[in-house]
Amino acid sequence: MTEAEAKRQQQRRAWDAEHLRSIGTKLTPVELARLDAYCFRIRTTRYSLLRTLVLEELAAYERENRVTLDAPRAATETTAERDEVARRTPQKSATRPTGCCKTNTSSCASNTSATTTPNAGKSGGPINRATTSAA
């Protein structure tokens, strides 16, 4: 690596440290293998997929509830304030993914079916969601 490349890399890391934050989740080895196979098929990375899904879920929430989530406020509000907003906001079980609870039974209120389809397999592209009701 040349000196100029090292300097650019250092600048990118400094910018990332100031402007970006990471999120993650834990998966079993089998779940990770399934995720990797899916990402390979749609030609994206698991990180790009996670980012796309999270941002789309936030946008859908804002549209459905006609609100704008205030990022600076969300970062500083107290737990009591968040709980109060949650009490006033109607919860829609249809937006929860299949298997979100440990019971995973047909009587579970959050046990709905949702499918994800890549947008022409483009990396980082939007994911189209079609929600169907559970039979």
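**Note on the predicted model**

1. Leucine 27 counts as partly exposed, at 40% relative accessibility; buried means under 20% relative accessible area, exposed means over 50%, and partly exposed lies in between, computed with a 1.4 Å probe and protein chains only. The residue sits in the loop between α1 (3-19) and α2. Leucine 27 touches Leu32 and Leu35, with residues up to four places away in sequence not counted; a contact means heavy atoms within 4.5 Å.

2. On the basis of the values: the model is predicted, so local features need pLDDT of at least 70 and side-chain atom pairs count only at pLDDT 80 or more, whereas totals for chains, interfaces and linings use all residues. Residues are numbered from 1 along each chain as its sequence is written, and side-chain values use heavy atoms, with hydrogens and water left out.

3. On the overall fold: the protein has five helices and two strands, in the order α-α-α-α-α-β-β along the sequence. Helices (H or I, at least four residues) and strands (E, at least two) are DSSP runs, numbered from the N terminus. Of the contacts with a separation of 6 or more, 37% are between residues 24 or more positions apart.

4. Which residue takes a positive phi just after α2? It is arginine 43, with a phi of about 60 degrees, a positive value in a residue other than glycine. Most residues other than glycine have a negative phi. Arginine 43 belongs to the loop between α2 and α3 and is exposed, at 66% relative accessibility. Arginine 66, in the loop between α3 and α4, has a positive phi near 50 degrees. This arginine 66 is exposed, with a relative accessible area of 78%.

5. On charge pairing: side chains of opposite charge can pair when their charged atoms come close. The structure holds one salt bridge, defined as a side-chain nitrogen of Lys or Arg within 4 Å of a carboxyl oxygen of Asp or Glu. Aspartate 36 and arginine 46 form this bridge, with their closest N and O atoms 3.1 Å apart. The pair links distant parts of the chain, as aspartate 36 is in helix α2 (residues 29-42) and arginine 46 is in helix α3, 10 residues apart. Aspartate 36 is partly exposed, with a relative accessible area of 31%, and arginine 46 is partly exposed, with a value of 32%.

6. Threonine 52 is in helix α3 and counts as buried, at 10% relative accessibility. The side chain of serine 48 is joined to that of threonine 44 by a polar contact of 3.4 Å. A polar contact is a pair of N or O atoms within 3.5 Å; within protein, one atom must be able to donate a hydrogen and the other to accept it, and residues adjacent in sequence count only if both atoms are side-chain atoms. Threonine 44 lies in the loop between α2 and α3 and is buried, with a relative accessible area of 14%.

7. Valine 67 is located in the loop between α3 (46-65) and α4 (71-76), and counts as partly exposed at 34% relative accessibility.
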